[in-house]
Amino acid sequence: MPRTTDGDGTPVPQRLLAAATRLFAERGYDRTSVQEIVEAAGVTKGALYHYFGSKDDLLHEVYARVLRLQQERLDHFADADEPIEKRLRGAAADVVVTTIENLDDASIFFRSMHHLGPEKNKQVRAERRRYHERFRALVEEGQREGVFSTATPADLVVDYHFGSVHHLSTWYRPDGPLSPQEVADHLADLLLRALRP
């Protein structure tokens with residue numbers, strides 16, 4: 001099957017994901033049919049099932065693509081030859097910016113995760129756990145080195161930060177007073193202040 005249709009030349013998987021993301025955000029996952037997705041993407045059901053086994057697979061990929069991006073970026077910050085405080089701050093701010101840049105994807109996922117089948121749900125939880133463990137390892141590294149306070153357990157520090165990240169879709173507005181980077185800087189600074197010895 002060709003990678004594009006006679007539309008704008010965008011590869012079919014990206015067209016399907018863009019249509020699904022828009023429709024899931026507008027109508028909700030459970031109120032969006034496969035037929036509506038393929039019509040919005042300008043492809044056939046056969047094309048959808050060629051690239052994605054089900055609507056469930058589309059929902060999973062909406063979130064997985066953001067998580068893959070965030071994991072790659074976190075790995076970059078974690079592996080950098082920089083002081084731990086700079087690496088953690090960069091990672092903490094970056095996850096805020098990438099979440100805001102993909103706010104529809106994140107909000108769809110948190111509203112609709114319960115629709116995933118058991119295997120996809122397990123897979124997503126494992127991917128998120130891997131991300132959170134890598135982030136926690138940065139906190140723990142700083143605590144071992146005496147750069148960060150050990151008064152608060154690293155797990156709680158991570159939960160605190162990601163609680164803020166996961167709630168961005170409930171209040172952040174692109175036309176609001178703060179840019180994505182400003183929100184990211186504020187939240188990263190809050191995290192570092194909480195870790196000061």
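**Close-up views of a predicted model**

**View 1. T44, an exposed residue in a loop.** T44 counts as exposed because its relative accessibility is 52%, and the cut-off for exposed is over 50%. The model shown here and in the other views is predicted. T44 sits in the loop that runs between α2 (34-41) and α3 (45-51). How far apart in space are T44 and R111? Their C-alpha atoms are 27 Å apart, and 67 residues separate the two in sequence.

**View 2. Residues 33-52, a region named in a record.** UniProt, in an unreviewed entry, places the feature "DNA-binding region" at residues 33-52. Such an annotation may be inferred rather than shown by experiment. In the predicted model, 75% of this stretch is helix and 0% is strand.

**View 3. Residues 10-70, a domain named in a record.** The annotation "domain: HTH tetR-type" comes from an unreviewed UniProt entry and covers residues 10-70. How much of this stretch is helix, and how much is strand? The chain is 77% helix and 0% strand over these residues. From one end of residues 10-70 to the other, the C-alpha atoms are 23 Å apart.

**View 4. The helix α4 and its start.** α4 has 25 residues. From its first C-alpha to its last, α4 reaches 36 Å, close to the 36 Å expected at 1.5 Å a residue. At the start of the helix, a side-chain oxygen of S54 comes to within 3.3 Å of the backbone nitrogen of D56. E72 also has its place in α4. Is E72 buried or exposed? E72 is exposed, because its relative accessible area is 55% and the cut-off is over 50%. E72 and Y131 are 59 residues apart in sequence, and their C-alpha atoms are 9.6 Å apart in space.

View 5. Rolling a probe the size of a water molecule over the atoms shows where empty space is left. About 120 Å³ of space lies in the largest cavity. α4 gives the most, with four residues. Sorted by class, the lining of the largest cavity has nine nonpolar, four polar and one charged residues.

**View 6. G142, a buried residue in a helix.** G142 is found in helix α7. G142 counts as buried because its relative accessibility is 0%, and buried means under 20%. What separates G142 and I84 in sequence and in space? The two are 58 residues apart in sequence, while their C-alpha atoms are 5.9 Å apart in space.

**View 7. M113, a buried residue in a loop.** M113 lies in the loop between α6 and α7. Is M113 buried or exposed? M113 counts as buried because its relative accessibility is 10%, and the cut-off for buried is under 20%. M113 and L58 are 55 residues apart along the chain, and their C-alpha atoms are separated by 12 Å.

**View 8. The whole chain, for orientation.** How many helices and how many strands does the chain have? The secondary structure comes to ten helices and zero strands. Read along the sequence, the pattern is α-α-α-α-α-α-α-α-α-α. The C-alpha trace spans about 60 × 35 × 30 Å along its principal axes. The chain has 197 residues, and 46% of them count as buried.

Notes. Residues numbered from 1 in each chain as written. Predicted model: local features only at pLDDT ≥ 70, side-chain atom pairs only at ≥ 80, totals over all residues. Heavy atoms only, no water. 1 Å grid on protein atoms, 1.4 Å probe; cavity = no way out; pocket = protein on both sides within 12 Å on 5 of 7 lines; lining within 4 Å. Points joined across faces, edges and corners; volume = space filled by probe spheres on them. Helix = DSSP H or I, 4+ residues; strand = E, 2+ residues; numbered from the N terminus. Nonpolar A, V, L, I, M, F, W, Y, C, P; charged D, E, K, R; others polar. Expected span 1.5 Å × (residues − 1). Polar contact = N/O pair within 3.5 Å; in protein donor to acceptor, adjacent residues only side chain to side chain. Buried < 20%, exposed > 50% of the residue type's maximum accessible area, 1.4 Å probe, protein only.
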